[in-house]
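Subject: Structure handover

Hello,

Please find the structure below, for you to take over. My notes come after it.

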Amino acid sequence: MDPEGTLILTRRDVVALLRLPECIDAVERAFRLHAEGRALPPGVLGVPARDGGFHVKAAGLELGRPYFAAKVNGNFFRNRERFGLANIQGVIVLCDAENGSVLALLDSIEITTLRTGAATAVAARHLARPDSRVAAICGCGNQGRVQLRALKQVRPIERVAAFDTDAARARAFAAELSPELGIEIHAAPSVDAAVKESDIVVTCTPARRYFLTREHIRPGTFVAGVGADNEDKQELDPALLASSTVVVDVLDQCATIGDLHHALAQGTMTRAQVHAELADIVSGKKPGRTAAGETIVFDSTGTALQDVAAAALVFEKARRAARGLTVQLGA
């Protein structure tokens with residue numbers, strides 16, 4: 001164990017310590033380090049369970065000191081109605097990647113939420129048109145809120161259409177975020193109505209059948225598919241991916257559990273047709289947007305590289321602030 005002990009950080013601690021702008025910068029740095037070969041390769045394991053399942057994501061980064069993180073999340077989408085609990089439950093184990101000592105145990109919910117929005121912001125910074133002012137958010141839960149807040153950090157968003165299969169959620173989303181962000185937000189009655197004028201489209205739903213097609217999207221749009229994080233989920237029509245420039249967070253992972261995996265399974269595209277991983281774009285190894293009329297799809301399955309970056313940031317800030325509970329796990 002670490003001689004200083006293991007730091008226990010609750011969700012309240014994480015909320016107090018992690019800010020979205022610094023999370024965006026940390027996630028961008030993580031992808032850049034990955035491209036430079038200064039990361040332990042990310043891995044993922046999924047285990048199905050009744051009414052949900054577990055996934056384990058792990059990776060490491062060299063961030064002044066070597067860190068490793070493994071996140072165990074339970075995704076149970078009937079939790080609210082059955083138990084009055086959040087649909088996602090989990091913990092991140094942060095370790096010293098040089099000696100294996102357990103540095104911290106962190107509640108994973110806030111980190112997962114913010115780092116997912118941060119990845120979209122990093123992708124939008126490099127792949128969306130700089131003049132993107134109109135956005136559509138499909139899926140108006142907590143992740144949809146963070147997605148919009150993150151986009152507002154990197155693009156001059158002025159107008160937003162919010163769509164959810166639960167119309168009341170879309171209206172609540174608009175009522176909450178419009179005054180907070182100082183922009184026009186309206187609840188859209190359909191996917192088509194939401195995306196038809198959009199420069200940026202984000203999907204963040206638990207959908208198991210695609211609902212966004214290439215006919216919905218006008219040329220030049222940046223699309224971020226965020227919801228597909230296991231092989232049963234799907235938000236984007238394979239034909240939309242096949243007709244677009246596709247950028248993925250991690251190719252092997254997206255080919256297994258992302259929207260890309262459905263396109264590969266149907267034979268509408270091959271792995272070789274994927275333009276790049278986000279790390280290649282961030283590092284400049286491959287070009288981002290090359291034309292205003294280019295439609296770009298970002299397949300975001302969520303990688304532990306993001307978790308390591310955010311967890312290490314929270315851990316270091318907590319140590320400096322003397323926040324959290326320190327225990328000796330090996331005592």
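The notes cover the sheet, the aromatic pairs and the salt bridges, in that order.

This is a predicted model, in which local features need pLDDT of at least 70 and side-chain atom pairs count only at pLDDT 80 or more, while totals for chains, interfaces and linings use all residues. Residues are numbered from 1 along each chain as its sequence is written, and side-chain values use heavy atoms, with hydrogens and water left out.

Sheet

Helices (H or I, at least four residues) and strands (E, at least two) are DSSP runs, numbered from the N terminus. An open sheet is formed by 8 strands, in the order β9-β8-β7-β10-β12-β16-β14-β15, and the pairing is parallel. Two strands pair if DSSP finds at least two bridges between them. At the edges are β9 (184–187) and β15 (276–277), each of which pairs on one side only. Strand β15 runs parallel to β14 (residues 245–248), and 2 bridges join them. V248 has E277 in β15 as its bridge partner.

Helix α4 (residues 109–127) lies across β10, β12 (222–225), β14 and β16 (296–299). Contact here means heavy atoms within 4.5 Å. The helix runs at about 160 degrees to β12; axes are lines fitted to C-alpha atoms, for helices over the stretch in contact, and angles run from 0 to 180 degrees between N-to-C directions.

Aromatic pairs

The structure holds 2 aromatic pairs. Rings of Phe, Tyr and Trp (its six-membered ring) pair if their centres lie within 6.5 Å; planes under 30 degrees apart count as stacked, over 60 as edge-to-face and the rest as tilted.

For accessibility, buried means under 20% relative accessible area, exposed over 50%, and partly exposed in between (1.4 Å probe, protein chains only). F54 is partly exposed at 39%, whereas F76 is buried at 17%.

The rings of Y67 and F315 have centres 6.3 Å apart and planes at 80 degrees, so this pair is edge-to-face. It links Y67 in strand β4 to F315 in helix α12 (residues 304–321), 248 residues apart. Y67 is buried at 1% relative accessibility, and F315 is buried at 3%.

Salt bridges

A search of the whole structure finds 27 salt bridges, a salt bridge being a side-chain nitrogen of Lys or Arg within 4 Å of a carboxyl oxygen of Asp or Glu. Three of them are described here.

R159 and E197 form a salt bridge, with their closest N and O atoms 3.4 Å apart. R159 lies in strand β8 (residues 159–163) and E197 in the loop between α7 (191–195) and β10 (200–203), so the pair ties together parts that are 38 residues apart in sequence. R159 is partly exposed at 31%, and E197 is partly exposed at 42%.

R169 meets D164 in a salt bridge (3.5 Å, N to O). R169 is partly exposed at 39%, but D164 is buried at 11%.

E81 and R78 also meet in a salt bridge (3.4 Å, N to O). E81 is exposed at 61%, while R78 is partly exposed at 37%. Both belong to one network, in which salt bridges that share partners join R50, D51, R78, E81 and R82.

Regards
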